[in-house]
Amino acid sequence: MDYATVSSLIGWTYFLAWSISFYPQVILNYKRKSVQGLSTDFVVYNIYGFTCYSLYNCAFYWSPEIRKEYRDRNHGRDNLVQVNDVFFGLHALIISTVTLVQILYYKVGFEQKPSRVLKVFTAVTFVLAGGFLLSILSGWGMWIDLLYFLSYVKLTISIIKYCPQVYLNWKSKSTVGWSIHNIILDFTGGLLSIAQLFLDAAVEDDWSGITGNPIKLALGWVSMFFDLAFFAQHYILYPDRTDHSRGLVADEERPILVDNGL
């Protein structure tokens, strides 16, 4: 088995792990007929982030102009964005949108308004993106600069998006309503994502490929850091699994293969 095959296998494995990780939360919301315990800010941040991530990956993968701009800046070397990165971002955007629809549908008796931090972040992001776009249309900037900006927006979102959920778990002293199976799969995906990036760079003897794709590297490390925090909350700090919205032990404590049909 050659390195290209190994890299492809790792890539599609983390793609599946990260992609499947969105479904336990959707299924849990549906079974509980409630989104109590799930942070609305977290879901909205996900939609913003994966919109930026998808635009970044689609442009680098499909646009000859963007790939040329990247080669001009990196001594003729190509960006390491792969097809699994593209489809992961698009799929995550769709499922995150489905989750938001669930929040709007199941909000009876449980309504979270977007936080002030989320509103300010959204406003600042749109203003800056508009500035980049205006500079490009005026001939002062390049499209790759806007894409890098979007990648850093995604990175920023990945750093802060988990904070509302960590805070909500802490405030309620419970993780009921927040899928731990999501976190297990997310941790697996982050680890494999980093492994693929380092393998590709080693095979090509081009470690600049890692710095040339900072969003992928940072996403893996950040997601694993917060996953460890959620593991601590779920298994150590808040072991009570009583679902107060139903008066039962949380369904998610049952085996995942049976409970979620995965």
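The legends below describe close-up views of a predicted model.

Local features are given where pLDDT is at least 70 and side-chain atom pairs only at pLDDT 80 or more, whereas totals for chains, interfaces and linings use all residues. Residues are numbered from 1 along each chain as its sequence is written, and side-chain values use heavy atoms, with hydrogens and water left out.

**View 1. The chain and its elements.** The chain holds 12 helices and 2 strands, where helices (H or I, at least four residues) and strands (E, at least two) are DSSP runs numbered from the N terminus. From the N terminus on, the order of the elements is α-α-α-α-α-α-α-α-α-α-α-β-β-α. Of the 262 residues, 49% count as buried, that is, under 20% relative accessible area with a 1.4 Å probe and protein chains only. Among contacts (heavy atoms within 4.5 Å) between residues at least 6 apart in sequence, 82% join residues at least 24 apart.

**View 2. Helix 6 against helix 7.** The axes of helix 6 (residues 116-137) and helix 7 (residues 143-160) come within 9 Å and cross at roughly 170°; axes are lines fitted to C-alpha atoms, for helices over the stretch in contact, and angles run from 0 to 180 degrees between N-to-C directions. The two helices are therefore roughly antiparallel to each other, a term for angles over 145 degrees, while those under 35 degrees count as roughly parallel. The contact brings residues of helix 6, including Phe121, Leu128 and Phe132, together with residues of helix 7, including Trp143, Phe149 and Val153. The residues of this contact divide into 12 nonpolar, 2 polar and 1 charged, with Ala, Val, Leu, Ile, Met, Phe, Trp, Tyr, Cys and Pro counted as nonpolar, Asp, Glu, Lys and Arg as charged, and the others, Gly among them, as polar.

**View 3. Helix 3 against helix 6.** The axes of helix 3 and helix 6 come within 11 Å and cross at roughly 15°, and these helices are therefore roughly parallel to each other. On the helix 3 side the contact is made by Asp41, Val44, Tyr45 and Tyr48, and on the helix 6 side by Val117, Leu118, Phe121 and Thr122. By class, 6 residues of this contact are nonpolar, 1 is polar and 1 is charged.

**View 4. Helix 1 against helix 5.** Helix 1 (residues 3-20) and helix 5 (residues 83-105) pack at an angle of about 5°, with their axes 9 Å apart, and are therefore roughly parallel to each other. The contact of helix 1 with helix 5 has 7 nonpolar, 4 polar and 1 charged residues.

**View 5. The largest nonpolar core and Phe60.** A nonpolar core is a set of buried Ala, Val, Leu, Ile, Met, Phe, Trp, Tyr and Cys residues joined through side-chain atoms within 4.5 Å. The largest has 22 residues, and those with the most contacts inside it are Tyr56, Phe60, Leu147, Tyr148 and Val153. Helix 3 (40-62), helix 4 (64-73), helix 6 and helix 7 each supply at least two residues of this core, the largest share, 8 residues, coming from helix 7. Phe60 lies in helix 3 and is buried, with a relative accessible area of 1%. Leaving aside neighbours within four places in sequence, the contacts of Phe60 include Ile66, Tyr70, Val81, Ile144, Leu147 and Tyr148. The C-alpha atoms of Phe60 and Ile144 are separated by 8.8 Å, although the two residues are 84 residues apart along the chain.

Terms used. Parallel < 35°, antiparallel > 145°, perpendicular 65-115°, else oblique. Buried < 20%, exposed > 50% of the residue type's maximum accessible area, 1.4 Å probe, protein only.
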